[in-house]
Amino acid sequence: MIRFHVFSNPMLKARIERDGYKCMLMESVEPRLRDAVAVTIRRPGEFERLHSYLNRLSDEHVVYVLLHPVRENRDGCIVRRTALTSSENDFLSHLILDDCVKRSCMDLGISKSGYYKMVKKLLGKLNLESVEQLKAWALLHLSV
């Protein structure tokens with residue numbers, strides 16, 4: 001499934017949905033993501049189908065294309081690299097949907113230090129270096 005993610009631009013979200021694609025609006029305090037679009041491509045055919053549309057979008061907005069092929073093992077089952085607990089999945093979903101630490105703590109029922117411990121734990125578990133990489137990983141691996 002092709003899914004677009006738009007950062008801080010409800011009008012752009014509406015435009016993409018009018019064009020027939022699923023789109024999720026996300027907020028971020030990261031200045032580089034303001035007014036940006038991210039799309040996850042899983043199969044080569046999806047990129048070929050979206051190529052001209054992405055070119056039109058990139059005339060006005062920063063477009064991030066995340067290439068994420070589905071991997072299968074010999075038995076045809078999808079390979080999962082890392083298993084996360086339900087609380088870690090909830091935390092990551094909240095992290096990419098709402099970037100405000102205070103609100104996340106209140107919604108998840110954790111302290112501010114617990115929030116940063118969870119970030120540190122996930123960065124170590126997933127072998128990532130920054131919160132931006134963690135958000136990108138969550139976009140690729142979670143169907144939010």
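Figure 1. Tyr116 is partly exposed, with a relative accessible area of 44%. In this predicted model, Tyr115 is by contrast buried, at a relative accessible area of 5%. These accessibilities fall in separate classes because buried means under 20% and exposed means over 50%, with partly exposed in between. For Tyr115 and Tyr116, the ring centres lie 5.2 Å apart and the ring planes meet at 85°, so the pair is edge-to-face. That assignment follows because planes over 60 degrees apart count as edge-to-face.

**Figure 2. The aromatic cluster of Phe4, Tyr21 and Tyr53.** Ring pairs join Phe4, Tyr21 and Tyr53 into a cluster.

**Figure 3. Packing of helix H3 against helix H4.** Helix H3 covers residues 86-97 and helix H4 covers residues 101-108. The two helices pack at an angle of about 145°, and their axes are 10 Å apart. The crossing of H3 and H4 is right-handed. On the H3 side, Asp90, Phe91 and His94 take part in the contact; on the H4 side, Arg103, Ser104, Asp107 and Leu108 meet them. Sorted by class, the contact of H3 with H4 comprises two nonpolar, two polar and three charged residues.

Figure 4. Met118 belongs to helix H5, which runs over residues 112-125. With a relative accessibility of 16%, Met118 counts as buried, because the limit for that class is under 20%. When neighbours within four places in sequence are set aside, Met118 is in contact with Ser87, Glu88 and Phe91. Phe91 and Met118 are 27 residues apart in sequence, and their C-alpha atoms are 8.0 Å apart in space. Phe91 is also one of the H3 residues that meet H4.

Figure 5. Although Ser8 is not a glycine, its phi is positive, at about 60°. Most residues other than glycine have a negative phi. The relative accessibility of Ser8 is 22%, so this residue counts as partly exposed.

**Figure 6. Asn127 in the loop between helices H5 and H6.** Asn127 sits in the loop between H5 and helix H6 (131-141). Asn127, which is not a glycine, has a positive phi of about 60°. At 69% relative accessibility, Asn127 counts as exposed, because the threshold for that class is over 50%.

Figure 7. The secondary structure of the protein consists of six helices and four strands. Along the sequence, these elements follow the pattern β-α-β-β-α-β-α-α-α-α. The protein has 144 residues, of which 37% count as buried. Among contacts between residues at least 6 apart in sequence, 60% join residues at least 24 apart. The protein exposes about 9000 Å², and carbon and sulfur atoms supply 53% of that area.

Terms used:
Residues numbered from 1 in each chain as written. Predicted model: local features only at pLDDT ≥ 70, side-chain atom pairs only at ≥ 80, totals over all residues. Heavy atoms only, no water. Buried < 20%, exposed > 50% of the residue type's maximum accessible area, 1.4 Å probe, protein only. Contact = heavy atoms within 4.5 Å. Areas by Shrake-Rupley, 256 points an atom, 1.4 Å probe, with all protein chains shown as cover. Axes fitted to C-alpha atoms, helices over the stretch in contact; angles between N-to-C directions. Left-handed = near helix turned anticlockwise from the far one by under 90°. Nonpolar A, V, L, I, M, F, W, Y, C, P; charged D, E, K, R; others polar. Phe/Tyr/Trp six-rings, centres within 6.5 Å; stacked < 30°, edge-to-face > 60°.
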